[in-house]
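Colleague: I am new to this one. Please take a close look at a single part for me, the places where its pieces meet, and walk me through it in short steps.

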Amino acid sequence: MNLSLVDFLFYVFATISVGGGLAVILSRNPVTAAMFMILSLVGVASLFVLLEAFFLAVLQVLVYAGAVMVLFLFIIMLMDVGPDSGKRTALSKTRLISGFVALFGVGLLTVLTLEYSGVATDSATHWQDVAEETSVEGANVVFSKSVKSFGYGLFTKYMLPLQVAGFLLLAAMVGVIVLSKKQDEEKSSEATEDASSASAEPRPEEA
Amino acid sequence: MDTIGVQDFLVVAVLLFSVGFLGVVLRRNLLFVLMSLELMLNAVNVALVAFSRHSANMDGSLFVFFIMTVAAAEVSVGLALLVALYKKRQSVFSEHMTMLKN
């Protein structure tokens, strides 16, 4: 079997993304896991490039590898959680059951995909050529390389979902502010109560 | 792409999803659980883009855009919750999150 360059790259990127994912769930140290997660996300972005969805690949790197994983690393280092201890807790019944359920789910998913992916795609491995320009076919926007297609689709067919997504982001922002602020106030009031009731001696950083 | 079809991308998506699923079910550190959730969302993204490209329809790619939005919101809220829990419990392990018990 002779592999073209693109096919070879597919296998490389698939290995990177799946292997990175495996390394994430197997590593003990959260920082290491986050680094492997970035590797996996970049692998997925490369798969997007192979599928000629260039805009999504850029978004993947910017939003996931850039913003989300930096947030993760920030929180990990803020909480200063070390590596998980090497010792495993005793295999409880719940854990055993959940492991079996997970394996069963994975097996079912794999079998179903292998069984039906051929049906869904009519065994056609040939990819159509990707349009360069934005075009509309009936109610659908045709897949194209141009970013304009995204804008066109988002602001016509998906106008309402776009608004909802914006509102979701606003809600998440407000939620995060409330979550962190309220906790702070409780904490500080507790701290002042503790300080007033328990300790008369000043803390070193206050002195 | 001569020998690579949609099926191959689907297999990659299933593998990624399975890895993420196993991470969610088996890890006890909530940071890892959140990361595994991200992995699962990414797997779905791969499948969506592959189908979108195959059927020359932009809908799948636009859906990926929304999934990214939801994932970003989910991570920010999840991490805020995790920090709040950590302040209370000094732990990020799921077995220590028993405030609703009894």
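**Where the pieces meet**

Modeller: Lys157(A) pairs with Asp59(B) in a salt bridge, and their closest N and O atoms are 2.8 Å apart. Keep in mind that this is a predicted model. That bridge is one of two salt bridges counted between chain A and chain B. Polar contacts join the two chains as well. There are 10 residue pairs of this kind across the interface, with both residues at pLDDT 80 or more.

Now look at the extent of this interface. Chain A puts 87 residues into the contact, and chain B puts in 72 residues. Together the chains bury about 7,500 Å². Carbon and sulfur atoms give 75% of that area.

Next, stay within chain A. Its division is into domain 1 (1-83) and domain 2 (131-187). The contact between these domains takes six residues from domain 1 of chain A and four residues from domain 2 of chain A. Taken over C-alpha atoms, the domain centres are 22 Å apart. The area buried between domain 1 and domain 2 of chain A is about 460 Å². Here carbon and sulfur atoms give 81%. Which residues of domain 1 of chain A lose the most area to domain 2 of chain A? They are Glu52(A), Phe54(A) and Phe55(A). Together they make up 75% of what the domain 1 side buries.

Lys145(A) and Glu52(A) form a salt bridge, with the closest N and O atoms 3.5 Å apart. On the domain 1 side that touches domain 2 of chain A, five residues are nonpolar, none is polar and one is charged.

Glu52(A) and Lys145(A) turn up again in the lining of the largest cavity. The structure holds one cavity of 30 Å³ or more. The largest cavity has about 40 Å³ of space. Where does it lie relative to domain 1 and domain 2 of chain A? It lies between them, because both domains give residues to its lining. Phe54(A) and Phe55(A) are among the lining residues, along with Ala53(A). Phe143(A), Ser144(A) and Phe150(A) line the cavity too. Chain B also takes part: Met58(B) and Ser61(B) belong to the lining. By class, six of the lining residues are nonpolar, two are polar and two are charged.

Technical notes: Residues numbered from 1 in each chain as written. Chains lettered and ligands numbered in written order. Predicted model: local features only at pLDDT ≥ 70, side-chain atom pairs only at ≥ 80, totals over all residues. Heavy atoms only, no water. 1 Å grid on protein atoms, 1.4 Å probe; cavity = no way out; pocket = protein on both sides within 12 Å on 5 of 7 lines; lining within 4 Å. Points joined across faces, edges and corners; volume = space filled by probe spheres on them. Nonpolar A, V, L, I, M, F, W, Y, C, P; charged D, E, K, R; others polar. Domains from an automatic or database assignment. Contact = heavy atoms within 4.5 Å. Buried area = accessible area lost by both parts, 1.4 Å probe. Salt bridge = Lys/Arg side-chain N within 4 Å of Asp/Glu carboxyl O. Polar contact = N/O pair within 3.5 Å; in protein donor to acceptor, adjacent residues only side chain to side chain.
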